[in-house]
Every structure is written in structure tokens, then in C-alpha cells.
Amino acid sequence: MMFDWRRLRFVLLFSIAWGLMIGAHWKSGPMSAVVRTVLLGLTAMLVFGLFEQWPKRLPRWLARWVLQVVSVALVMPPATAIIYALTTPHDAPPFYEDQDRKEGFGMLAGLGLFVAPWVALGALLRQKDALARHQALAFDLERSQLERQALDARLSLLQAQVAPHFLFNTLANVQALVDTGSPQAAVVLRSLIAYLRAAVPRLHETSSTIGQELHLIHAYLELMHMRMPDRLQFALYADPPVLELRCPPMTLLTLAENAVRHGIDPSEEGGRIDIYVQRRGERCMVRVADTGAGLQPTGQGLGTGLTTLRERLELAFGGDVQLRVHAQPPRGVVAELEFPAQGAAD
């Protein structure tokens with residue numbers, strides 16, 4: 001801090017300007033004045049920096065800025081005398097015996113005694129202002145980090161809620177096969193175990209891609225098709241460019257699982273699920289349509305799965321997301337999801 005380049009640059013520029021200004025009236029010329037003012041300025045800078053760091057502790061009645069300003073003022077006369085003594089030729093009389101040089105000494109020492117403390121005060125004010133700005137930036141950064149941590153914690157909590165919701169629904173389907181003595185129960189259970197081994201680890205991941213989501217959806221719907229081969233048909237449509245787009249884990253799977261749970265299962269005839277994913281400009285559009293039982297007036301709004309999904313998406317994309325659910329004539333439900341199209345590395 002004592003030899004900070006910006007501080008040194010200011011001292012040099014100020015001292016040179018000061019020396020040129022007063023040296024215009026000196027018989028020895030402005031260069032002599034510049035040399036002396038630069039040396040005096042560097043001395044003031046060293047004293048200012050010294051008492052900025054030393055002593056480590058001061059008496060409670062003495063403020064450090066007072067020590068710095070007073071020290072800079074008091075060092076000006078003796079420092080000027082030493083500079084004059086050092087710059088006096090060996091064959092010349094001492095400066096105090098030469099009237100012109102003595103007047104120059106008095107001018108330089110007097111100006112130093114008057115100007116240097118004010119410059120020191122200005123440096124202290126600038127330093128405190130810079131420190132205040134730095135602390136404000138540090139506080140803003142810390143607040144942003146804490147807000148981000150809070151959002152991550154909230155997202156993790158919501159994501160943790162998806163896991164039991166999804167698992168319980170899927171296991172209920174297997175239990176239904178076991179209760180009815182279906183020969184498909186063992187086959188479905190084996191497929192479920194293999195599927196869960198791949199899917200469960202992703203419940204705790206913070207990021208996924210559309211391609212990974214569609215892979216899970218295909219495995220899930222194949223599993224559901226084995227359970228009710230005559231009542232469920234499905235198809236997935238996705239533009240290749242969207243496969244690498246970022247997507248919170250289990251997002252599309254939640255929509256597919258919701259269509260099976262609330263659309264196909266309650267319908268005696270079963271139905272079909274069609275999933276479309278495409279990019280429109282800077283937005284990613286997802287459409288999950290089923291021809292199942294349709295919207296049921298349960299009084300619970302979107303239901304647990306979709307409500308949790310909406311909260312997770314709002315946290316992941318900063319609120320820049322839309323989730324719409326509406327009836328599809330002649331029967332069925334359409335869930336439409338829209339969010340920013342961001343690459344997995346964004």
C-alpha cells in the first residue's frame with residue numbers, strides 16, 4: 001500500500017507540477033525546483049504510508065488519520081532542510097547563508113507545511129470512499145451469493161419432493177399388478193428396478209438436458225406400456241437442436257407421469273400421449289398432450305406434481321417460464337411448457 005503505483009503516480013505528477021510552477025521564478029531554474037519538490041513529495045508519501053501501517057495499535061484517544069496528517073505536516077521543514085543540504089554543491093556555502101536559496105527554502109518549506117496536510121486529507125477521503133465502495137460491492141456480492149444459496153436450497157427441497165411423489169406413484173402401479181395377480185407384474189418390476197437405477201441419481205442433479213429427459217421419458221412410458229399394453233400408446237417428437245438444451249432434472253418426466261396418472265389411468269378406454277419439443281427463437285416449447293380422462297375438478301389446482309414443477313422452473317429460470325394446462329377436445333388434457341432455450345454449458 002505504501003508503494004502503490006497509483007499513489008506514486010499522483011505524487012510524482014503533483015510534485016512535478018508544483019515544482020514547475022514555483023521554479024519559474026527561481027534563479028537556478030525550474031529543474032532544480034522539480035527535483036526538490038519530487039523528493040519532498042516522495043518523503044511525504046513515505047511518512048504517510050509508514051504511519052498508515054505502523055504502529056499496529058494506537059492509543060484510543062489518537063486516530064490514525066490524525067497521526068498521518070500531523071506527521072506529514074511536521075516532516076516538511078526538516079525534510080526540506082535535508083533536501084537543500086544534499087543538493088548544495090560541495091564548493092558552495094550552506095543554503096542558509098545564501099539569501100536567494102534561503103528564501104527558496106522558506107517558500108518550499110512553507111508551502112509543504114501548508115499543502116501536504118491537505119493533500120494527505122484528500123488522499124484519506126479518497127481512500128475511505130474507495131473502501132466504502134469496495135465494502136458495498138463485497139456486501140452486494142455476499143448478498144447475491146446468499147440469495148443464490150437460498151434459491152439452491154429451495155430448489156433442492158422442491159426436487160427432493162419430486163422423488164417420493166414420483167416413486168410412490170410408480171410403485172402404486174406395480175402394486176396394482178401384484179394385487180390382481182397379473183403375470184406382467186414380475187416383468188414390470190424388473191423393468192422398474194432397471195429404470196430407477198438410471199433415474200434416481202438424476203433426482204439430485206442440478207442440471208440435465210432435453211435429450212436426457214426424453215431418454216427417461218421413453219423408458220418410463222415403455223414401462224407403463226408394459227403394465228397396460230392395450231390402454232396406452234405414446235410417441236415422442238423432438239427437433240435435434242433441442243436435445244442439448246438445458247432442462248432441470250425430472251421436468252419433462254413430471255409432465256409425462258402426470259399425463260399417465262391423471263389422464264390414462266382413470267380412463268376405461270385408456271388413451272395416447274404425444275410429447276412435442278421444439279425451439280422457437282430463444283424459447284424452448286414443450287407440449288404434452290393426452291387423450292385420457294380429461295381435467296377433473298379436484299379443487300387442488302395443478303396438483304402436487306405440477307405445482308412443485310412450476311416452483312422449480314421459476315427458481316431455475318428466474319421466473320422466466322410459463323406452464324399452462326388446459327382441456328383438449330374432444331377429450332384429454334394438454335400441458336404446455338415454455339422456458340428460455342439455454343445450452344447445457346450456459
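The largest pocket of this predicted model has a volume of about 800 Å³. A pocket is an open set of points on a 1 Å grid over the protein atoms alone, where a 1.4 Å probe fits, with protein on both sides within 12 Å along at least five of seven lines. The volume is the space filled by probe spheres set on the points. Lining residues have an atom within 4 Å of a point; there are 27 of them, and Arg6, Arg7, Phe10, Ala123 and Arg126 are the closest to the centre. Helix 4 contributes the most to the lining, with ten residues. Helices (H or I, at least four residues) and strands (E, at least two) are DSSP runs.

Residues are numbered from 1 along each chain. The model is predicted, and local features need pLDDT of at least 70, while totals for linings use all residues.

An open, mixed sheet has five strands in the order 2-4-5-7-6, where pairing requires at least two DSSP bridges between two strands. Strand 2 and strand 4 pair in the parallel sense over seven bridges, and leucine 236 stands opposite isoleucine 275 in strand 4.

Angles run from 0 to 180 degrees between N-to-C directions of lines fitted to C-alpha atoms, for helices over the stretch in contact.

| Helix | Strands touched | Angle |
|---|---|---|
| Helix 7 (residues 251-264) | strand 2, strand 4, strand 5, strand 6, strand 7 | about 155° with strand 4 |

Notes
Predicted model: local features only at pLDDT ≥ 70, side-chain atom pairs only at ≥ 80, totals over all residues. Heavy atoms only, no water. Contact = heavy atoms within 4.5 Å.
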